[in-house]
There are 2 protein chains.
Amino acid sequence: MQQKKVEQLLKQHDIKPSYHRIKILSYLLEKKNHPTADMIYQELVKEIPTLSKTTVYNTLNLFVEKNVAIIITIDENETRYDADISLHGHFKCSSCGKIYDIRLNTAGIIPDELEKFQIDESHIYFKGTCPLCLKKALS
Amino acid sequence: MQQKKVEQLLKQHDIKPSYHRIKILSYLLEKKNHPTADMIYQELVKEIPTLSKTTVYNTLNLFVEKNVAIIITIDENETRYDADISLHGHFKCSSCGKIYDIRLNTAGIIPDELEKFQIDESHIYFKGTCPLCLKKALS
DNA sequence: TAATCAAATTTTAATGATTACAAATTTAAA
DNA sequence: TTTAAATTTGTAATCATTAAAATTTGATTA
């Protein structure tokens, strides 16, 4: 996605598109790797040597608050971020650590039991071993 | 559940039923409140003044390893535990903090996309406001 | 009963992610 | 150009969890 589009996306969500914010959102949108704050920091600090980790945290918190990104908690003590805010699932491979996006048949996903509940977020994820790692385990 | 049953449950899972382990598992089974390690510690230390928090952590880790309990991660930095190891969902109320168990229609819950994946764990949870808090908000 | 040994528990200290806070810098408006 | 507000930075603090070593417990055997 071009920088222009990223700026627009930020503006649409009421966020002033500063240099760092554009960089961080671009990272999320391009890599689609559900990174931790630290992964983002480690990558961007190469380009922006003055970058502070606090800025990464501040920015991510702002993104979540303004609905530009969502938090994914699959493993304890490992907060990850995703700029795909649509309802979708995840699969984390315990072997290689990769997190896959899973398209869900969202019809009938909300249990009747929750009829009287106000649902703000839905999360579905799986853990196990991905096909690539299963294959490797055989050889 | 009587102590005898709890002891049996531990033995069935290859865990020597020590006093502390029985207490901690009983807590999980009776309260069904998806507690954090600290919640368990704060409650049990009243009865067992010498109890150490490390013991609670050690025990919970053992339970997870031996499949007596599962970890529930809904909010970041808040690891919770559940002795109900069956496939079921959760709802956490952002207002009162309570975590509800949700029975799921498990049929067709696994997406076709994961056919070639080996799935070890499935997690489904929702966040929002529970009926009780919705009602309170009106008055 | 006493001695022995492994398992369980405790204590203390370390780690690592995240946040708090104040200072410095940048941006944008007047 | 000046000034206020927003953003970013740096440092220190916090909190959950784990690591490592010491101690206790409890079962087993001599």
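In the predicted model, strand β3 (residues 89–93) of chain A pairs with β4(A) in the antiparallel sense over four bridges, where two strands are taken to pair if DSSP finds at least two bridges between them, and where helices (H or I, at least four residues) and strands (E, at least two) are DSSP runs numbered from the N terminus. Within this pairing, A:F91 stands opposite A:Y100 of β4(A). In chain B, β3(B) and β4(B) likewise pair in the antiparallel sense, over four bridges, and B:K92 has B:I99 in β4(B) as its bridge partner. Five residues lie between the strands of the hairpin of β3(B) and β4(B), in which B:G97 adopts a positive phi near 85°.

These strands belong to an open sheet of six strands with mixed pairing, in the order β4(A)-β3(A)-β5(A)-β5(B)-β3(B)-β4(B). The edges are formed by β4 (99–102) of chain A together with β4 (99–102) of chain B, each of which has a single partner strand, so one side of each is left without a neighbour in the sheet. From one strand to the next, the twist averages 25°.

Helix α5 (residues 131–138) of chain A lies across β3, β4 and β5 (118–129) of chain A together with β5 (118–129) of chain B, and runs at about 15° to β5(A); contact here means heavy atoms within 4.5 Å, while axes are lines fitted to C-alpha atoms, for helices over the stretch in contact, with angles running from 0 to 180 degrees between N-to-C directions. Helix α5 (residues 131–138) of chain B also packs on the sheet, touching β5 of chain A together with β3 (89–93), β4 and β5 of chain B, and its direction makes about 15° with that of β5(B).

Elsewhere in chain B, helix α1 (residues 3–12) packs against α2(B) at an angle of about 105°, with the axes 10 Å apart. The two helices α1(B) and α2(B) are therefore roughly perpendicular to each other, on a scale in which angles under 35 degrees count as roughly parallel, over 145 as roughly antiparallel, 65 to 115 as roughly perpendicular and the rest as oblique. The contact involves B:Q3, B:V6, B:E7, B:L9 and B:L10 of α1(B) and B:R21, B:I22, B:L25, B:S26 and B:L29 of α2(B).

Around DNA strand C there are 15 residues, of which A:Y57, A:T79, B:S18, B:R21 and B:T55 come nearest, a residue being near a strand if one of its heavy atoms lies within 4 Å of it. Of the atoms of DNA strand C that come within 4 Å of the protein, 83% belong to sugar and phosphate.

A polar side-chain atom of A:S18 lies 2.6 Å from a phosphate oxygen of DNA strand D.

Residues are numbered from 1 along each chain as its sequence is written, and chains are lettered from A and ligands numbered from 1 in the order in which they are written. Local features of this predicted model need pLDDT of at least 70 and side-chain atom pairs count only at pLDDT 80 or more, whereas totals for chains, interfaces and linings use all residues, and side-chain values use heavy atoms, with hydrogens and water left out.

Notes
Polar contact = N/O pair within 3.5 Å; in protein donor to acceptor, adjacent residues only side chain to side chain.
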